[in-house]
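Here are my notes on the two-chain model you asked about, in numbered points.

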Amino acid sequence: MNTAIKYNETVFQGLSSPIDVYARTRSQKIGAPILQVKNVSLSFGGVAALEDVSFNVKEHELLAIIGPNGAGKSSMLNVINGVYHPQKGQITFFGETRHKMNAHHSAEQGIARTFQNIALFPGMTVIDNIMTGRNLKMKANFLEQALYIGRAKKEEIYHRQKVEEILDFLHIQPIRKTPVGRLPYGLQKRVELGRALAAEPRLLLLDEPMAGMNMEEKEDMCRFILDVNDELGTTIILIEHDMGVVMDISDRVVVLNYGMKIAIGTPKAVCEDKDVIEAYLGVNP
Amino acid sequence: MSEASNPAGTRYYDTMDTLPKILLYNAHERKDRTCMREKDLGIWQTWTWSEMAKEIKILACALAAKGFKRNDKLGIIGNNRARLYWSMAAAQCLGGIPVPLYQDSTANEIIGILIDSDVSFIVVEDQEQVDKILEIWDKCPLIRHVVYEDPRGMFQYNQPFLNDFESMMALGRRYDREHPDFFLQEVDKGSGEDVGVFLFTSGTTGKPKGVVMTYNNIIITARNTIELEKLSQKDELIAYLPMAWVGDYLFSFAQSYVAGFCVNCPENTETIEADRREIGPSYYFGPPPIWENLLTRIMIRMEDAFWVQKKVFHFFMGVAKKTGARILNKESVSLLARWLYAVGDILIYAPLKNALGISNVRLAYTAGEAIGPDLFDFYRSLGINIKQLYGQTEAFVFVCIQPDGEIYSDTVGIPAPEVEVKITKKGEVMYRSPGVFHSYYKNPESTADTKTPDGWVYTGDAGFFDARGHLKIIDRIKDVGKFSSGELFAPKYIENKLKFFPHIKEVVAFGNDRDFATAFICIDMNAVGDWAERLNLSYSGYASLAGHEAVYQLIRESIEKMNKDLALDEKLRHSQVKRFLLLHKELDADDGELTRTRKVRRKFINEKYPVLIEALYSNKDICRFEAKVKFEDGRTGIIAANLKIWKAALFGSDAVREEK
């Protein structure tokens with residue numbers, strides 16, 4: 001099939017690259033599993049979004065979830081994030097098994113995320129947007145903050161410093177006081193990553209951080225994701241459509257198709273997997 | 001005051017003949033005055049003289065602990081960071097020689113400099129620079145240690161010769177405890193004859209040469225210029241130009257030490273605008289493109305303003321143009337004009353300057369290349385005392401400078417204090433001053449070529465003193481020609497003057513060994529296109545626009561304006577352009593007519609357009625020309641055109657001669 005071959009070339013462009021992902025130097029060695037997803041099934045009415053999916057995520061790892069459209073990738077993130085509650089199965093995060101919980105709990109546990117569609121406050125400055133990511137860390141009560149008394153001042157200074165460190169880390173100092181709505185798309189994505197980092201997450205969920213970006217913006221974003229993973233040691237789950245990116249930067253890849261996990265392994269192993277090729281290219285008649 | 005209360009070990013010296021001695025003097029006399037700021041994590045980190053001296057002392061001890069000896073060379077690569085300035089000072093305290101390098105050079109460009117100058121220690125800003133050094137590590141056997149300031153991304157490196165700045169400081173503190181007298185003893189050993197720094201020339205005219213400067217060069221020049229411009233410890237400066245450039249070394253380092261003023265390092269290269277607004281520098285240096293960018297940005301933003309605001313803006317800019325510069329020059333101005341200017345200041349000038357972060361600028365310099373009179377007048381009319389200076393690395397910047405109140409955009413002013421300037425028979429500018437460099441490092445031939453035994457230095461520039469006693473630089477001496485009458489012909493001078501007209505993009509002037517000057521003109525498609533649209537002139541493209549009578553008329557007016565100007569000048573009046581034509585195409589680097597940096601390749605043009613040049617010197621008023629052009633897709637084709645040749649009026653005695 002001619003079209004299939006062509007598709008093959010574009011989809012798996014990253015494969016031919018000689019980069020061995022495991023040759024990547026890193027400060028933290030990949031450790032023990034911190035998140036176990038066990039037999040998770042999720043359905044909306046009669047539509048099964050996830051069926052019996054199991055995998056685990058190791059500490060300091062960069063794990064990618066890929067799959068065709070509608071494969072259940074974002075649903076998977078929403079389950080981990082506590083937005084959706086799976087009908088079956090369980091999720092264990094740092095030894096804590098949860099049955100039913102909401103997004104607020106997951107944030108308290110140290111899970112932060114970015115969204116497929118940017119969900120920032122367009123009228124607020126970059127600093128203020130990132131500051132919202134530190135909301136959970138603030139202890140001063142409403143009155144103290146409103147009147148700027150008691151703990152509020154000390155806290156504000158401390159958190160502002162943390163936010164400045166993130167600005168420095170993501171190279172966005174020049175726009176620190178610009179309202180987010182005025183920024184180009186690529187920078188907004190970076191600010192959103194900054195806000196997620198502000199929560200000092202143990203697990204970071206990135207939902208298509210590079211969608212709609214041009215080549216240069218993608219390269220920048222890849223660099224920052226790797227930096228977060230390397231320097232901060234944050235464990236990352238990444239959903240991405242750009243195969244080149246996924247193959248280059250991830251340690252392991254989970255492939256979903258119609259809600260089912262069809263493969264898991266190193267990028268190299270996954271893209272040689274027969275089921276994966278079939279899922280992406282269709283079965284050869 | 002006991003030394004214990006002054007941790008940096010300050011003391012007086014009878015002769016403050018080295019920068020380290022001045023540092024210790026400042027740490028004593030100005031100990032609580034801020035001398036350095038650097039924006040980090042959104043906050044201006046601040047150091048006083050005594051704090052900075054302490055940091056420098058620790059750093060010097062650290063270098064010594066690593067084996068840095070007197071006369072060792074310390075390379076410095078990075079943006080303007082406080083710690084890099086300290087490294088320069090630390091090396092000097094130990095009797096070593098700092099060698100600042102351009103931070104944007106590639107590894108291959110710096111390797112020559114590192115080897116030529118025997119650099120054995122390097123302090124760099126960040127990972128990017130470390131990578132460069134690692135790339136050429138094997139070729140630079142002399143380098144023993146590399147210190148990096150910003151640890152970001154450096155965890156992956158484990159080379160033993162890489163040193164983190166913080167661990168260096170820890171080492172320095174320990175060394176200082178063990179050898180408490182070491183630092184002061186080292187500073188005491190210095191004297192004015194010692195070499196203070198190597199500054200490398202940019203290398204546009206060949207291989208970069210290391211210019212050796214002694215403390216005497218540095219300190220005397222700094223003192224003279226501080227006195228001339230009345231700089232004081234109250235001044236504020238933003239350090240944003242490359243540390244390797246002689247100007248930065250003088251303004252942000254030597255002058256700061258001697259005058260005691262504060263140097264501010266911006267957060268990074270992209271935040272300079274905002275940082276400038278926050279600091280409000282009182283003393284500012286910017287090459288012409290920087291001033292030009294500022295102006296363009298104002299004008300573009302004004303285009304988007306509401307019409308009332310636009311009207312007010314343009315009205316008061318008109319007022320400023322008429323009176324601003326005269327007020328600044330302390331000329332007599334009528335009360336009404338002064339009153340109008342004051343209103344304009346409240347409504348327009350002050351807010352505008354505030355937005356640009358130049359409200360407090362008391363003294364601004366521009367240099368490096370010719371600056372357009374409009375640009376120059378714009379800033380002066382706003383009340384900013386911007387002045388041109390003429391200098392060289394070899395002179396430790398200052399050769400000539402415009403004195404207050406005598407500012408003309410086409411001259412570079414009068415010789416700076418203690419600088420003697422003379423013009424050779426061939427027209428080349430020479431100077432002699434206390435700032436004249438010691439020698440080129442390990443390059444006696446070049447030294448002998450440039451500097452005479454009695455201290456005069458050849459600049460390579462052609463120039464002369466005008467009637468007011470101001471130096472006028474016209475061209476590089478090798479580009480200056482002569483008319484058949486023997487008069488001076490300076491093509492670049494004419495070309496630059498014409499290029500300042502907004503409708504003219506490129507000019508090639510001819511006249512060497514001829515009776516008079518002529519020129520090819522390339523119009524600026526955007527500017528002339530806009531102008532044509534407003535006049536409802538129809539045209540189909542560049543060639544058709546350039547062939548338009550009205551456009552010829554427009555350009556002729558510009559040329560005649562220049563001719564009128566030139567007629568006033570005894571030496572340049574013969575260079576008035578008599579005949580000109582508008583080329584049917586833009587000069588293009590793809591066609592080999594320009595270099596990649598957009599400089600005209602005169603020789604190539606002489607070979608390519610002999611027909612046109614001959615036509616300019618004949619009586620023809622039209623000339624047919626066929627030219628090969630290279631299209632963007634790589635194909636070549638032929639464009640034919642009939643080019644009109646027009647005459648421009650001459651002025652002054654040349655016009656009289658013409659009529660005879």
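1. Phe93(A) has Glu96(A) of β5(A) standing opposite. The two belong to a stretch where strand β4 (residues 88-93) of chain A and β5(A) are joined by 3 bridges and run antiparallel. Strands here are DSSP runs of E with at least two residues, helices are runs of H or I with at least four, and both are numbered from the N terminus. Two strands pair if DSSP finds at least two bridges between them.

2. A word on conventions: this is a predicted model, in which local features need pLDDT of at least 70 and side-chain atom pairs count only at pLDDT 80 or more, while totals for chains, interfaces and linings use all residues. Residues are numbered from 1 along each chain as its sequence is written, and chains are lettered from A and ligands numbered from 1 in the order in which they are written.

3. Back in chain A, the open sheet has 4 strands in the order β2-β1-β4-β5, with antiparallel pairing. At its edges stand β2 (47-58) and β5 (96-98) of chain A, each with a single partner strand, so one side of each lacks a neighbour in the sheet. On average, neighbouring strands of this sheet are turned by 20° against each other, direction ignored. Axes are lines fitted to C-alpha atoms, for helices over the stretch in contact, and angles run from 0 to 180 degrees between N-to-C directions.

4. Helix α2(A) packs on this sheet and touches β1 (33-44), β2 and β4 of chain A, its direction making about 65° with that of β2(A). For contact, C-beta atoms placed from the backbone must lie within 7 Å.

5. Why is helix α2 (residues 73-81) of chain A largely enclosed by the rest of the structure? Because 9 of its 9 residues are buried, among them Met76(A), Leu77(A), Val79(A) and Ile80(A), but also Lys73(A). Buried means that 20 or more other C-beta atoms lie within 10 Å of a residue's own, with C-beta atoms placed from the backbone. Just after α2(A) comes Gly82(A), with a positive phi of about 85°.

6. Strand β5 (residues 119-124) of chain B is joined to strand β6 (residues 145-148) of chain B by 4 parallel bridges, with Ile122(B) partnered by Val146(B). β6(B) also has 3 bridges to strand β7 (residues 162-164) of chain B, again parallel, and there Tyr148(B) stands opposite Asp164(B).

7. In helix α14 (residues 373-381) of chain B, the buried residues include Phe376(B), Phe378(B) and Tyr379(B). The buried residues of α14(B) pack against α11 (288-303), α12 (307-328) and β14 (386-392) of chain B. After α14(B) comes Gly383(B), whose phi is positive, near 90°.

8. Chain B is divided into domain 1 (3-209 + 249-269), domain 2 (283-472) and domain 3 (479-659), with bounds from an automatic or database domain assignment. The centres of domain 1 and domain 2 of chain B, taken over C-alpha atoms, are 31 Å apart. Their contact takes 9 residues from domain 1 and 10 residues from domain 2 of chain B.

9. Finally, which number of residues does each chain bring to the A-B contact? Chain A has 9 residues in contact with 8 residues of chain B.

Technical notes
Contact = placed C-beta atoms within 7 Å. Buried ≥ 20, exposed ≤ 12 C-beta atoms within 10 Å, placed from the backbone.
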